[in-house]
Amino acid sequence: MATVDTVKPPPGGASAVSGERNLRNAFGGVLSLFILLLIGILGFSIRLFSVIKYESVIHEFDPYFNYRVTQFLIKNGIYDFWNWFDDRTWYPLGRVIGGTVYPGLTLTAGTLYKILHALNIPLSVETVCVFTAPIFSAFAAWATFLLTKEVKGTGAGLTAAALLAMVPSYISRSVAGSYDNEAVAIFALIFTFYLYIKTLNTGSLFYATLNALAYFYMVCSWGGYTFIINLIPMHVLLCIGTGRYSSRLYVAYCPLIVLGTLLAALVPVVGFNAVMTSEHFASFLVFIIIHVVALVYYVKGVLTPKMFKVAVTLVVSVGMVVCIAVVAILVAVVASSPTKGWSGRSLSLLDPTYASKYIPIIASVSEHQPPTWPSYFMDINVLAFLVPAGIISCFLPLSDASSFAVLYIVTSVYFSGVMVRLMLVFAPAACIMAGIALSGAFDVFTSSVKFQLPGLLGDSDAGDSTSGDVVQNGAAKADPNAAVEKSEETLKERPSKKNKKKEKEPVVKASIKSKLKKRLLVLPLEASIIALLLLILLGAFYVIHCVWAAAEAYSAPSIVLTSQSHDGLHVFDDFREAYAWLSHNTEVDDKVASWWDYGYQTTAMANRTVIVDNNTWNNTHIATVGTAMSSPEKAAWEIFNSLDVKYVLVVFGGLVGYPSDDINKFLWMVRIGGGVFPHIKEPDYLRDGQYRIDNQATPTMLNSLMYKLSYYRFVETDGKGYDRVRRTEIGKKHFKLTHFEEVFTTHHWMVRLYKLKPPRNRIKGKTKKSKAKSSSTSTKGKKNPWH
């Protein structure tokens, strides 16, 4: 009888395989760490075009206020910062800085400054502020990796991190010099979401505590924290409604609400709003619901089914009474507020037409306008086409983490469609979904190529021989012991023909199913290679667009403007020229009036007191300035004189073609002023519903202070008075100013400064009687300049 020689496995074979697996995992971890380091360097360096092409300078308007506050914090300390009353803004009201500012960005930059100086790295405050945003962009990319890894694995996490490091929407608010709240807030947003998902996956109370701390940092950094405190309760409610409640969900949510709300109330700008405003009520309602659900699950595990039904009936009866009472109290509290407990910006998100109807000061801000379709392609580019694929991938299979990612992308898409500024919240979600889609596509295509290469390179026959046969043959060759043992078992156990047929049928069916499953997952080799090349081409197109956006579209600081023409590059440094003139040629206590857009820059760069600024907290004060700009010269002089104004600053772009000037913003001044002072009516400034500055303009428009201060002596530039922004000749060319005098106009006429003339002296030679008579007459006939 022939015997089969068995080959004993080499000693330590299993340990060798496990050791090889551990080595492979360690190498993968080191490689992932190296890739993450490169992604961080990419996210930091791609934002330095503004410094390389221009100079290290603060951008835009709001960052100048943050820079000024950071200077004060570093110079005077944290206690003086909390109690700082700034008398150089909102004259004569002033502003309590410590209680009206989100301190996260300022405290972060101040801490970086202290750490660098402790390490003997003597960087200036301005340099630290300029580079804070690029540094936190790298942190945001790493946080995106952690979040996406919890949702769909390491490959998707690395892809999403690389996409976020370059996405133009995020670059627009985090370029070097963009020292605004969003610079650190986006990192805080993503990191808070990561810790929530991490807690949800692990049920760890440690991560839940870290989640509350991350939420606290987000509250300190940006008012957009309300997005977090509404999105997470929505996800918890979704999990409960779909039967996915667990103790991990309870641990992930409840500590966040309790600790997070207590910590948020410590931030002065938030305070009791953390429990008193409607933006937070959803979190408390879900907090009650999850406790009711937890009680139901606990009672269900303790009682018998019959007793459980009785208990449920009792709990539902009592619970309905309590819920009705709580809802009645909430409705009464909310109804007592004119805005139903919501802030104006929140109502604008829920009702996009609300701001234009009731709060024109919010609608006047360009970043509060809804975006256009081209802006989506500009800000997220090809990610817009990959997001649907990522959403589908999240359902295969659907988990708690992937359902949160889907909810995040859906809500952020809506809010980005309402307000262009919230494209910044949508960008991380788009990068996560695109990263999941790209990673999954690469996995399928590379697996298909890898699966078919052995058959292509080996000696197996082509045709209909499946890849499964190749794998099975390879497995048999690789493990001869298994084949020998299998043959021995078949020799020992020889069933009858009848039983053999019965046992053979399911085995054959199972093998057919496995082969069919493998064939369904494998794409043709040529199609897989072409698809991989197309994905690489798509990624290259995305990289090229992102680099162009970072270098050209978002690198120019608004304080210094440039234009390219046939005779070279032209630099317009008029803003700093005007602020320097104010700083050197006016008294320290002089007050400067301008539209609110330029308030932060005037205070920070010229160190002069302003009437209004970009904080826009007092609508009446802004309406007063808008009314003055909309009024005739004499009435405007009376308003400004009552506010102790010495100089008026006007931004004018008609000579060089700068479109963001005060003439283009003038209708918003009319609307805001008319909202408080009814004698200012928008139709008085329109001709047949059209806004015109040519010879068809209305007399009210031509006699307004804004028109006169913008176009005074403008006809002297070319003899025609041709406005390059409005593309027409002005209507009123030759006129004189009686109550204002021009004191400075910048080189390109972009900023014009006027001084209020002093009131005329009394006429001499009059008797006391006539003086008294004239004074009494003037007193009776004098009108309130604000009405």
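Author: Let's start with A109, which sits in helix 6 (residues 104-118). Helices here are DSSP runs of H or I with at least four residues, strands are E runs of at least two, and both are numbered from the N terminus. Bear in mind that this is a predicted model: local features need pLDDT of at least 70, side-chain atom pairs count only at pLDDT 80 or more, and totals for chains, interfaces and linings use all residues. Residues are numbered from 1 along each chain as its sequence is written, and side-chain values use heavy atoms, with hydrogens and water left out.

A109 is buried because its relative accessible area is 1% (buried is under 20%, exposed over 50%, partly exposed in between, with a 1.4 Å probe and protein chains only). Beyond its neighbours within four places in sequence, A109 contacts T70, V128, T132 and Y179, where contact means heavy atoms within 4.5 Å. T70 is 39 residues away along the chain, yet the two C-alpha atoms are 7.3 Å apart.

Strand 7 (residues 647-651) is another enclosed piece: five of its five residues are buried, so the rest of the structure largely surrounds it. Y647, L649 and V651 are buried on one side, and V648 and V650 on the other. In a regular strand, side chains alternate between the two faces of the sheet. Strand 7 pairs in the parallel sense with strand 5 (residues 591-593) over two bridges; pairing takes at least two DSSP bridges between the strands. With strand 11 (residues 751-756), strand 7 pairs in the antiparallel sense over five bridges, and V651 stands opposite V751.

V318 belongs to a nonpolar surface patch with I288, V292, V296, Y297, L314, V322 and V326, about 660 Å² of accessible area together. Helix 15 (281-302) and helix 16 (305-335) each supply at least two of the patch residues.

Now the confidence. Mean pLDDT (the predictor's confidence in each residue, from 0 to 100) is 84 for the chain, with 82% of residues at 70 or more. Residues 459-508 stay under 50, with 23 contacts beyond four places in sequence. Residues 764-783 are also below 50, with one contact beyond near neighbours in sequence.

Key: Patch = residues over 30% accessible without salt bridge, like charges linked within 9 Å, V, L, I, M, F, W, Y side chains within 5 Å. Areas by Shrake-Rupley, 256 points an atom, 1.4 Å probe, with all protein chains shown as cover. Salt bridge = Lys/Arg side-chain N within 4 Å of Asp/Glu carboxyl O.
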